[in-house]
Amino acid sequence: MSTIPSIKLSELTRQIQMAIDGVFGQQTFWIIADITNYTYKPQSNYHYFELVEKDKTAARILAKVAGRAWGNASVNIANFEKATGQKFKNDINVLVQVSVQYNPAFGLQLNLLDIDTNFTLGLFEQQRKETLERLLRDNPGFIQKDGDRYLTRNNSLILSPVIQRIAVISSDTSAGFQDFRHSLEHNPFGYKFDIDDYFALVQGDGNAKQFLARIIAVYESKKPYDALIIIRGGGSQTDFLLYDNYELNRAIAKFPIPVITGIGHQKNETIADLMAHTSTKTPTKAAEFIISHNRNFEDRLTGIQKMILIKTYQMINHHKDRLVQLNQSTINTSRNLLHGHHNRILQLSGFILTNPRILISNKRKDLSNLAQNMQSYSRMYFLNKAGNIAHFQSVMRIMSPQNILNKGFAILKVNGKIVSNADQIGIGEELTVRLANSEIKTTVKSKSAYDENEFNL
């Protein structure tokens, strides 16, 4: 037998239990921890899990204690899930009220007494707020904020007057997707839609990359879509965490095709709703929005058609009245014009009947006067011309060479030619002197200058 002092394990654990009960027995603590290794026993309504604290800068665990909940605590967990939409499950961060218990058979464990709903909701909201701030901070070129409204490149796009070619991103098993298609395909106005499906997992933040890839696929298709529709059915708040993803919402904000969301939530908007062109509460509401949009366009066309018809009737009536006025005016004017011309014709006919006799009589008088004037003018003309002729005859007789010779003048000829300049006559030349009744031949013996003033009067 060993002589080393010893006690039984149960004695030791009993002392540990007494010590722990003495220190923690009547106390409760609010702690922040992550849930791991969670299991639920519905037969007994027991929840088993571990509460873990992790180093934020490393992957190592700083603390880990087993936990459980039953009775009123199970009711509190159910109320938490209903209020937050968050399932009590692994990898959620919670603020829980616990009591410390040590059992010799099961060891140290924490009994969950209550869970803080506001902490979890605040955590979601804080993450959402940080994502919105990052979107504004990192993307000022296509995301701004005006009051409570976010202005993005996408929600500044103008919707096509008719939304007909549609790309839809949704889960292929979603009841909301089926509701959406049914609403469009059986709309009461008979509108036809060309719908392309881009299926993706639409639950959980971990599927954000796959969802983003589907958005990129819509863009790379190069199809002229009128709108991109993002829809899903209802779910818990954590089911919508995908729609608060930074990269996903950055893509929605700058997407060149109007994005319409129909995410089945009834409380808070997702960030995707804020970045998109138009947000609706459910897939069915998204379909109703599209149908209403197209209906508004049809109503506008119908209104324009009615206005054109009214304006056309008004114009026809106006011009009809104008034509009646013009017709009456034409009839009156024509009647007055014809009456005036009839009177004018009567005046002209009377003038034509009487005026020729007067005109002929006047012309006869004019011809008689003209004949008399011609006779008188002819006699005077011929007398005047006869006097002129007699004058010219008298002048011709006076200027006749023979008459000049008769007055004592002579004509000198040299070599048979008449000369009047002494420079043409040389000493010793023979001259012929022509007198009135005879010719004399003589020879020049001398020449001298002559005083020309002898015959001046």
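In this predicted model, the axes of helix α2, residues 72–84, and helix α3, residues 117–138, approach to within 10 Å and cross at roughly 30°. Angles under 35 degrees count as roughly parallel, and α2 and α3 are therefore roughly parallel to each other. The crossing in which α2 passes α3 is right-handed. On the side of α2 the contact is made by Phe80, Ala83 and Thr84, and on the side of α3 by Thr117, Thr120 and Leu121. Sorted by class, the residues of this contact of α2 with α3 comprise three nonpolar, three polar and no charged.

Helix α2 also holds Val75. With a relative accessible area of 44%, Val75 is partly exposed, since that class lies between the limits of 20% for buried and 50% for exposed. Between Val75 and Leu113 there are 38 residues of separation in sequence, and their C-alpha atoms are 9.9 Å apart in space.

Helix α3 takes part in a further packing, this time with α6. The two helices pack at an angle of about 50°, and their axes are 10 Å apart. How are α3 and α6 oriented to each other, oblique or roughly parallel? As α3 passes α6, the crossing is right-handed. Here Thr131, Arg134, Leu135 and Asp138 in α3 meet Tyr246, Glu247, Asn249 and Arg250 in α6. The contact of α3 with α6 has two nonpolar and two polar residues, together with four charged ones.

Asn245 is located in the loop between β10, residues 227–232, and α6, residues 246–254. Is Asn245 buried or exposed? Its relative accessibility is 17%, so Asn245 counts as buried, the limit for that class being under 20%. A polar atom of the side chain of Asn245 lies 3.0 Å from the backbone nitrogen of Glu247. Glu247 is also one of the residues of α6 that meet α3.

Another asparagine, Asn154, is placed in the loop between β7, residues 149–152, and β8, residues 165–170. Its relative accessibility is 0%, and Asn154 therefore counts as buried.

The description now turns to helix α8, which spans residues 283–398. The axes of helix α4, residues 175–185, and of α8 come within 8 Å and cross at roughly 25°. That makes α4 roughly parallel to α8, because the limit for this class is an angle under 35 degrees. In passing α8, α4 makes a right-handed crossing. From α4 the contact draws on Gly176, Asp179, Phe180, Ser183 and Leu184, while α8 contributes Pro283, Thr284, Ala286, Ala287, Ile290 and Ile291. Which classes do the residues of the contact of α4 with α8 divide into? There are seven nonpolar, three polar and one charged.

Ile304 is also found in helix α8. At 41% relative accessibility, Ile304 counts as partly exposed. Ile304 and Ser279 are separated by 25 residues in sequence, and the distance between them in space is 29 Å, C-alpha to C-alpha.

Asn37 belongs to strand β1, residues 29–41. Phi of Asn37 is near 50°, which is a positive value in a residue other than glycine. Lys222 is not a glycine either, and it has a positive phi of about 60°. Lys222 is situated in the loop between α5, residues 208–220, and β10. With a relative accessibility of 63%, Lys222 counts as exposed, because the limit for that class is over 50%.

Notes. Residues are numbered from 1 along each chain as its sequence is written. This is a predicted model: local features need pLDDT of at least 70, side-chain atom pairs count only at pLDDT 80 or more; totals for chains, interfaces and linings use all residues. Side-chain values use heavy atoms; hydrogens and water are left out. Axes are lines fitted to C-alpha atoms, for helices over the stretch in contact, and angles run from 0 to 180 degrees between N-to-C directions. Helices (H or I, at least four residues) and strands (E, at least two) are DSSP runs, numbered from the N terminus. Angles under 35 degrees count as roughly parallel, over 145 as roughly antiparallel, 65 to 115 as roughly perpendicular and the rest as oblique. A crossing is left-handed if the near helix is turned anticlockwise from the far one by less than a right angle, and right-handed if clockwise. Contact means heavy atoms within 4.5 Å. Ala, Val, Leu, Ile, Met, Phe, Trp, Tyr, Cys and Pro count as nonpolar, Asp, Glu, Lys and Arg as charged, and the others, Gly among them, as polar. Buried means under 20% relative accessible area, exposed over 50%, partly exposed in between (1.4 Å probe, protein chains only). A polar contact is a pair of N or O atoms within 3.5 Å; within protein, one must be able to donate a hydrogen and the other to accept it, and residues adjacent in sequence count only if both atoms are side-chain atoms.
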